[in-house]
Amino acid sequence: MDVRRADTRYPGGDPAAGIESLHSFSFGAHYDPDNLRFGAVIACNEERLAPGAGFDEHPHSHTEIVTWVVEGELTHRDTTGHETVVRPGDVQRLSSAGGVRHVERNDGSAPLTFVQMWLAPLDPGGDPAYEIVHGIADSTPYAVPEAGAMLHVRRLTAAGERTAVPDAARTYLHVVRGTVRVGPHELGPGDSVRAEDEKGAELVAVSTPVEVLIWELAE
């Protein structure tokens, strides 16, 4: 297991405009040739937007973009005609495929925090697609077949509660909230784990509530 701590993430965004970003991988102006991707995962960004702040219309292509709101409400608009509000517990996916443009804003009155994860598709190109699942349950994994990946949401509410980590060729784990133990490692918010060929691993809640995002990666 390769443990990456929250305080090693690269800070970005535009604080003067109400945008604060933390990047777990090489991103934008921050280039790290030794941290370009893990399996299909090429970005895991924690974004904090003040009320009224946001990302103006910008392009994407050849990327599966999955968004998880931690607190607040995210307004999404794209050039394929979708306009939605994404709330905590929802999974949003924008398959940018051959090319799409979108806007992401905090149009609410409260601060917004979300985690956005980018995955590389197995085959580039195609037509853009959009999907949102409202209030996804722990027992319902979310498949992104275009990237050979499956997202699992794990929530633990009592100290000592356990849940299995999926066995996979690669597993990427990101702690959203709470403190959890994985093997000998204790992890807090913003910490992540990159695991290869781990079998029988478990999450054990230390301080609750715990919320963890786990990517099960085919390669």
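Modeller: H62 is partly exposed, with a relative accessible area of 38%. Keep in mind that the model is predicted. H62 belongs to the loop between β5 (54-60) and β6. Its backbone has a phi near 55 degrees, a positive value in a residue other than glycine.

D197 also has a positive phi, about 55 degrees, although it is not a glycine. D197 sits in the loop between β18 (192-196) and β19. With a relative accessible area of 54%, D197 is exposed. Strand β19 covers residues 202-217, and P209 lies in it. The peptide bond that leads from T208 to P209 is cis, with omega near 0 degrees.

Now to the charged side chains. Side chains of opposite charge can pair when their charged atoms come close. The structure holds 17 salt bridges. One of them joins E73 to R87, with the closest N and O atoms 2.9 Å apart. E73 is in the loop between β6 (64-71) and β7 (74-78), while R87 is in the loop between β8 (83-86) and β9 (91-95), so this pair ties together parts that are 14 residues apart in sequence. E73 has a relative accessible area of 35% and is therefore partly exposed. R87 is partly exposed as well, at 39%.

Another salt bridge is formed by R77 and D107, at 4.0 Å from N to O. R77 lies in strand β7 and D107 in the loop between β10 (100-105) and β11 (112-119), so the bridge ties together parts that are 30 residues apart in sequence. R77 has a relative accessibility of 29% and counts as partly exposed. D107 counts as partly exposed too, at 47%.

A further pair is R155 and D138, whose side chains meet at 2.5 Å, N to O. R155 is in strand β14 (residues 149-156) and D138 is in the loop between β12 (129-133) and β13 (142-144), so the pair links distant parts of the chain, 17 residues apart. The relative accessible area of R155 is 27%, which means that R155 is partly exposed. D138, at 28%, is partly exposed. Some bridges share partners: in this way D56, R77, R105 and D107 are joined into one network.

The loop between β13 and β14 contains P145. P145 is exposed, at a relative accessible area of 56%. From P145 to P121 there are 24 residues in sequence and 8.6 Å in space, C-alpha to C-alpha.

Leaving out residues up to four places away in sequence, S24 touches R9, N35, C44, Y172 and R194. G39 has a relative accessibility of 17% and therefore counts as buried. With neighbours up to four places away left out, G39 touches R170, L217 and E219. G39 and G13 are 26 residues apart along the chain, and their C-alpha atoms are separated by 25 Å.

Last, the chain as a whole. The protein chain has 19 strands and zero helices. Its radius of gyration is 17 Å, close to the 17 Å that the globule rule gives for 219 residues, so the chain is as compact as a globular protein of that length. The C-alpha atoms fill a box of roughly 45 × 40 × 35 Å along the principal axes. Of the 219 residues, 49% are buried. Among contacts with a separation of 6 or more, 72% are between residues 24 or more positions apart. The chain exposes about 9600 Å², of which carbon and sulfur atoms supply 49%. There are 18 positive and 34 negative charges, and their mean positions are 3 Å apart.

Key. Residues are numbered from 1 along each chain as its sequence is written. This is a predicted model: local features need pLDDT of at least 70, side-chain atom pairs count only at pLDDT 80 or more; totals for chains, interfaces and linings use all residues. Side-chain values use heavy atoms; hydrogens and water are left out. Buried means under 20% relative accessible area, exposed over 50%, partly exposed in between (1.4 Å probe, protein chains only). Contact means heavy atoms within 4.5 Å. Helices (H or I, at least four residues) and strands (E, at least two) are DSSP runs, numbered from the N terminus. The radius of gyration is taken over C-alpha atoms; the globule rule is 2.2 Å times the number of residues to the power 0.38. Accessible areas come from the Shrake-Rupley method with a 1.4 Å probe; for residues, only the protein chains shown count as cover. Lys and Arg count as positive and Asp and Glu as negative; His and the chain ends are not counted. The place of a charge is taken as NZ of Lys, CZ of Arg, CG of Asp or CD of Glu.
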